[in-house]
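The following exercises are to be worked with the sequence and the model at hand. Each task is followed by a solution in steps.

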Amino acid sequence: MSDQIHTASPGYATGQLARALAAAISAGTEADRERALRKSRRWEDVVSGMADGTLAVGSRTPVADTPAWVTLEVAHGGFATGRYLAEVPLSEDETARVASLPDEVPGGNERERLNLWYLGDAGQAELLDAVRAGRFRVEVPEDAALPVVALLLDRGFPEQALDLVAELRPLMHRLRLTPRFEPVARPSDSAVRVASVRDAAASLRAVRVPAQLAKMRAAVTVWEPLYDRLVALWCRTVDGELPRLGEDGSVHGGWPCRTWPADWTAARAQWLADFDDMCRTVAPSGRQTNPKNNFARLRRALEACPHGSLGLTAREVGWIRRAIANTVSRRGAPETERRGEWHAAQAATVMAPTNAALARVLVSRLDRFPADGGLPSLDVATAAVSETETTAEIPCGTTMPDRLVRKAARALEAPADELVRLGVITSGETLAAVLPQLTSRLLSAAIDDPVVAGLHEQTYTAFRRRRGLLLLNLEHQVQFTELPWVQALAPCKSPQPDNAAAARRALRQITMLALTAFPHALLPNPLVTEIRTLAKQAELELPLVEEVAADIFMGTFTTKWRDAAAVASRLLSGTLYANYYDLPEDWPEPERTLLRWGKRTAADFTELCRQRAGTTGGSTAANGMLLEQSQILTTHNLAVLVDALDLTDELRERAPGLAARTLRWIVRRQVQRTDHLHAALIQVKNTAYAWRQAVFLLSFCEPSVQMSLAVGLSTELHGIRLVPAVEGLLQVIEGGRFTPAGTMRRGNGRRFLGWAQGTNPFLGYAGGKRQ
């Protein structure tokens, strides 16, 4: 087996660049254009770096002459752009500090001089004062590097400090290695938040009045009153009763242009001037510009007769008469009660407080809290508009719309399960994004020195914000403990004896939360990373596996996949899952492991996946088939976590409800229309993954519950392509087994898989039409 080093193709990056440029050209707003241009700049850097060889995408050190610990700017898909996130211009405070430095402070540029000054006595004292007082902000992990040097020297570890400085020295002219000197508001205890108050307020500030509603409001407040004045002007020229429409649509009543009041000419000139002024401030709509519209007809007629109707033809006078008849019959004559009631009804429809106006009220409330902190409760968002917040548009007592409350709720500080219940955390990815706030506290709780613990906590949280790289050749992402300043802190740590128990409790809670909140979804890779970190803190060595993209799969698996599969076979022996997917009954000790790219691989596990998939891989579809078999054999971490954390009894209690929810999700997903092949492929893949989760959960249910849920599913999916999958499930529950081809010996039952070479029998798309 070859150990040839693989690199990423530039085709994906080139396509992303083209899309970003197209988005910049077609952007509707300046803000959208700026975002698209920033995105295109990143992809230009990626494409040019791959072309000239300065970027090796697929490596954990993709930027030439750059250590793995440097935090890189990473575009979508894990492509490094070549830029360092800690390579930033000096702030105003930093510029002022550099200006005050003595001439003898060395350095080739201002950043290097500043970093070297912080290694001196005065600089170290400033860093220590800030860290001790908690007056510092670590935005990227590198911000903690020089504070660690100061702590090491202060605690009596000069050798470790010098080694760290030697590691940092080659990049001191480029990287900011000190924090911002300002306090950070962090959630306490078990609370987490999805966004800061600043971010939530920015989201609320971005709320705008919809263009269509803005036009309707302009019509009611600007154009309708102007139209009423226009109609009233022409009504004053009518001799006799105002024109009205008969039942047959004919016009009855007097004729316009027969009488001309003395002030009519001045009133006409004033109306035309007001119309011109309005057109300069409010764009006219189709009603004012459509030549066949009554507004436009009456306005043109007004422009044509400055002193009388000599400039109008008899046909045009007839149109004026019909226009008056139309509006008087429909809405009432000008300045009558009926017309006033019509306008009031129109205003009530479109003049209710807009979300944009109410969002401004919420922003003013959020501005009372620290911008980088969170909200202690949702009361600030859900409270009705008070007397002090009332405006001409917003009456007292107005209720806040749910849409705006949800935006503010992203800043709510509460336990993760509470945020899930409130709908603030809506996916495993969001759960993974907030967990570092909790994990960092648990890791720091193992350090009895509060100053070191505080620095360690912020550093970990910043590290988890790093975007993962696209990696090939069985490479793994940079670990937190690989940061030189984190390694150097080891002598300052005095672990607490009960921290492992606390980490285990947190691990159980998080695992059950992920299973119960999103039972249909795989544990996303960022969440697996946090779970792995907690497991190590809990002193558990778990073979947790990641989801691997089919287009970068290297054709083999490391030994942890085999270890996870062995746990799954043992835990699920004799269950519905084992019977449905034909799990191996046991995994004997491996006869051999192979070394590829310095990693031990499980040859027997890889070969079994190939046999079960019926392919050796190579194409994206074939790789997907192999990877799906690896997920089936390992249950993608579910068995490992349930087994290691003793969750079997708790899962048995909740499994019926969770399985039912997952099956309902599958039904909703399966009936969604898919008009494009790519969307259909994603749909069938995600549905098959959810199906596997459902079968796992059903395995912890009583047989009667399994049968009841499967029969109910067959009723809901009648006439849909999943019917063979349900039939196969029912037969397995009754004791049947699939053939090696994944079909049943009788009937149409078929094992549901998400990947296939050729046409997937469960694919709900063919020839551009829903099947």
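The model is predicted: local features need pLDDT of at least 70, side-chain atom pairs count only at pLDDT 80 or more, and totals for chains, interfaces and linings use all residues. Residues are numbered from 1 along each chain as its sequence is written, and side-chain values use heavy atoms, with hydrogens and water left out.

**Exercise 1. Describe the overall dimensions and burial of the protein chain.**

Step 1. The radius of gyration of the protein chain is 35 Å, whereas a compact globule of 771 residues would have one near 28 Å. This radius is taken over C-alpha atoms, and the globule rule is 2.2 Å times the number of residues to the power 0.38.

Step 2. Along the principal axes, the C-alpha atoms fill a box of roughly 110 × 90 × 55 Å.

Step 3. Of the 771 residues, 49% count as buried; buried means under 20% relative accessible area, exposed over 50%, and partly exposed in between (1.4 Å probe, protein chains only).

**Exercise 2. Locate the kink in helix α29 and list the buried residues of this helix.**

Step 1. Helices are DSSP runs (H or I, at least four residues), numbered from the N terminus. Helix α29 covers residues 648-670.

Step 2. The kink, of about 55°, is at Arg654, shortly before the proline Pro656. The bend at a residue is the angle between axes fitted to the seven residues ending there and the seven starting there.

Step 3. The buried residues of α29 include Leu651, Ala655, Leu658, Thr662, Trp665, Ile666 and Gln670.

Step 4. An α-helix has 3.6 residues a turn, so residues three or four places apart point the same way.

**Exercise 3. Examine phi and accessibility at Glu335 and Thr635.**

Step 1. Most residues other than glycine have a negative phi. Glu335 has a positive phi, near 65°, and Thr635 has a positive phi near 60°.

Step 2. Glu335 is in the loop between α13 (314-331) and α14 (337-350). Thr635 lies in the loop between α27 (620-634) and α28 (638-644).

Step 3. Glu335 is exposed because its relative accessible area is 81%. Thr635 has 2% relative accessibility and therefore counts as buried.

Conventions: Helix = DSSP H or I, 4+ residues; strand = E, 2+ residues; numbered from the N terminus.
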